[in-house]
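These entries record what I looked up in the structure.

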Amino acid sequence: TFEHTQHSYIRASQRGLNNQKIVAALQYGENIFKQGLIYFILGENNIPTSLNKQKQHLKNVVVIVSGDSNQIITCYKSADPFKNIRIKSDKLCKNYKSAA
């Protein structure tokens with residue numbers, strides 16, 4: 001079971017991603033491990049035939065889960081999610097000095 005963080009709950013509602021879409025991405029999506037996070041990407045080819053009626057609404061949903069717990073960090077839809085995640089750096093960069 002996965003739990004929403006406060007951030008992911010707010011972002012999901014802002015982006016129109018209901019629980020059905022998030023569960024489908026977690027259940028059928030492709031897993032990519034990067035930056036200490038797990039990216040669940042529900043591409044068009046990952047959607048089972050039983051969900052063909054909702055295919056347009058489900059495709060390209062991305063759910064990001066913390067790599068060391070079962071917390072959903074955020075979720076969103078992307079036009080080309082595989083490309084966007086592939087070009088991300090392998091390490092998660094945190095530069096707190098320049099953030100202000």
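Predicted model: local features only at pLDDT ≥ 70, side-chain atom pairs only at ≥ 80, totals over all residues.

Entry 1, the start of the chain. I looked up Thr1 and noted that it counts as exposed, because its relative accessibility is 87% (exposed means over 50% relative accessible area, buried under 20% and partly exposed in between, with a 1.4 Å probe and protein chains only). Thr1 is found in the segment before β1. I then checked its distance to Asn70: the two C-alpha atoms are separated by 7.0 Å, although the residues are 69 apart along the chain.

Residues are numbered from 1 along each chain as its sequence is written, and side-chain values use heavy atoms, with hydrogens and water left out.

I found an open sheet of 5 strands in the order β1-β5-β4-β3-β2, with mixed pairing (strands are DSSP runs of E, at least two residues, and helices are runs of H or I, at least four, numbered from the N terminus; two strands pair if DSSP finds at least two bridges between them). β1 (3-4) and β2 (30-34) stand at the edges with a single partner strand each, so one side of each has no neighbour in the sheet. I followed β1 to β5 (residues 71-77): the two run parallel and are joined by 2 bridges. In β5, Ile72 is the bridge partner of His4.

Helix α2 (residues 19-28) lies across β1, β2, β3 (37-42), β4 (61-66) and β5, and runs at about 70 degrees to β4.

Gln35 lies in the loop between β2 and β3, and it counts as buried because its relative accessibility is 16%. Its side chain makes a polar contact with that of Tyr39 at 2.9 Å (a pair of N or O atoms within 3.5 Å; within protein, one must be able to donate a hydrogen and the other to accept it, and residues adjacent in sequence count only if both atoms are side-chain atoms). Ser78 lies in the loop between β5 and α4 (81-86) and is likewise buried, at 11% relative accessibility. The Ser78 side chain makes a polar contact with the side chain of Asn84 at 2.8 Å.

Technical notes:
Contact = heavy atoms within 4.5 Å. Axes fitted to C-alpha atoms, helices over the stretch in contact; angles between N-to-C directions.
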